[in-house]
Amino acid sequence: MFHGPTDVRRTGRTGTPSGRNGAPCDNSCVGTVEEVRIAKRTGFCYGVREAIDKAKEASAAGKATHTLGQVVHNEGVVRDLQEMGIQTVETLDDVDHGAAVVIRAHGVRPDVMQRAEARGLEVIDGTCTWVIQEQKELARLVDEGYTIVILGTPKHPEVVGLLGFAPDSIVVDEEDEWDAAIPRKKRMALISQSTQPPWKFERLAALMVSRAHELKIVNTVCPVTIRRQQDTMETAAEVDVMVVVGGRSSANTKELTRLCEIGGTHAIQVEGVRDLTDPAVFDGATIVGVTGGTSTPIEDLRDVTRRILEIAGTKEAIAKAAELADAALDQAATPAGRTTSLPNAAARPTAGAA
């Protein structure tokens with residue numbers, strides 16, 4: 001199995017294949033990569049896709065449009081939305097009366113929705129349907145009198161929103177804190193932030209069985225997260241090295257990187273093509289795999305695929321880098337029904353299936 005350097009130096013975007021010193025590539029810098037495979041069912045998940053589309057539609061209709069918090073953990077997407085006039089705000093106080101505010105897929109506390117409506121804002125609810133079900137389940141568990149444990153990252157926007165429905169819930173994240181944080185109660189319930197790893201949820205459920213006389217387990221791990229991990233692992237088993245594309249703050253992207261390494265395939269995590277400047281990270285690799293988090297546009301995966309071929313491909317791969325990248329995308333992608341392409345990639349209607 002290929003094992004190479006893990007550091008990827010950041011530089012500006014370049015438009016042509018480059019050698020190890022950054023100069024235009026010639027035969028002296030030809031690499032070993034013959035093929036790049038993009039994992040299936042990549043691109044935006046359904047919830048992210050819907051929130052972005054709703055923001056675009058509101059702006060296209062001439063409305064002053066804002067998103068409450070970054071609509072997605074991807075700086076490139078946020079930047080492109082800003083160029084369309086869609087502004088990110090951290091508080092409702094930054095939104096003028098009568099303007100539109102998009103609630104991102106993570107959802108918000110009920111009082112945030114009430115305050116937005118009270119201020120006369122046009123609320124466009126982009127909360128993921130899966131997260132809405134989580135919120136309903138939590139409200140039901142509160143009514144039924146359960147002591148609730150939420151598996152999630154305490155300050156993650158989704159968890160902050162969930163706590164608005166069940167403020168007395170116990171939030172736990174890393175395994176080494178579970179024993180001290182989880183009490184022994186007669187009636188307990190377990191629920192999860194949607195993007196938590198399935199194995200982690202299962203392990204916590206096993207622990208809680210011994211802590212409660214009655215334990216209600218509501219599996220709210222998003223099926224898209226599970227499928228994304230499965231597809232990534234299948235691709236990783238077929239290649240020499242994986243490139244995981246996504247925002248550095250994206251939890252599900254980090255988990256994809258971790259899973260590749262656990263499976264024995266070296267993984268490099270990047271935010272985009274600008275992180276790929278050193279061909280040495282692909283030395284000895286013949287087949288490279290590419291995958292992305294649920295907040296990564298599928299166009300980014302195509303561009304990263306092309307970049308890998310340009311800087312580390314064989315002579316034949318370099319010559320057909322653009323064609324091979326498009327073919328890899330076509331093999332992986334399924335039409336999604338609504339646009340997910342960014343404005344500068346609108347020529348390609350293909351989008352990642354959830």
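Colleague: Which residue in strand 4 does T65 stand opposite?

Modeller: T65 stands opposite A100 in strand 4. The model is predicted, so that local features need pLDDT of at least 70 and side-chain atom pairs count only at pLDDT 80 or more, while totals for chains, interfaces and linings use all residues. Residues are numbered from 1 along each chain as its sequence is written, and side-chain values use heavy atoms, with hydrogens and water left out.

Colleague: What makes strand 2 and strand 4 a pair?

Modeller: Two strands pair if DSSP finds at least two bridges between them. Strand 2 (residues 65-68) and strand 4 (residues 100-103) are joined by 3 bridges and run parallel; they therefore pair. Strands here are DSSP runs of E with at least two residues, helices are runs of H or I with at least four, and both are numbered from the N terminus.

Colleague: How is strand 2 joined to strand 3?

Modeller: Strand 3 (residues 87-89) pairs with strand 2 in the parallel sense over 3 bridges. In strand 3, Q87 is the bridge partner of H66.

Colleague: Why is the crossover from strand 2 to strand 3 called right-handed?

Modeller: The chain passes from strand 2 through helix 2 (residues 75-83) to strand 3. This β-α-β crossover is right-handed because, with the strands pointing away from the viewer, the path from the first strand over the helix to the second runs clockwise.
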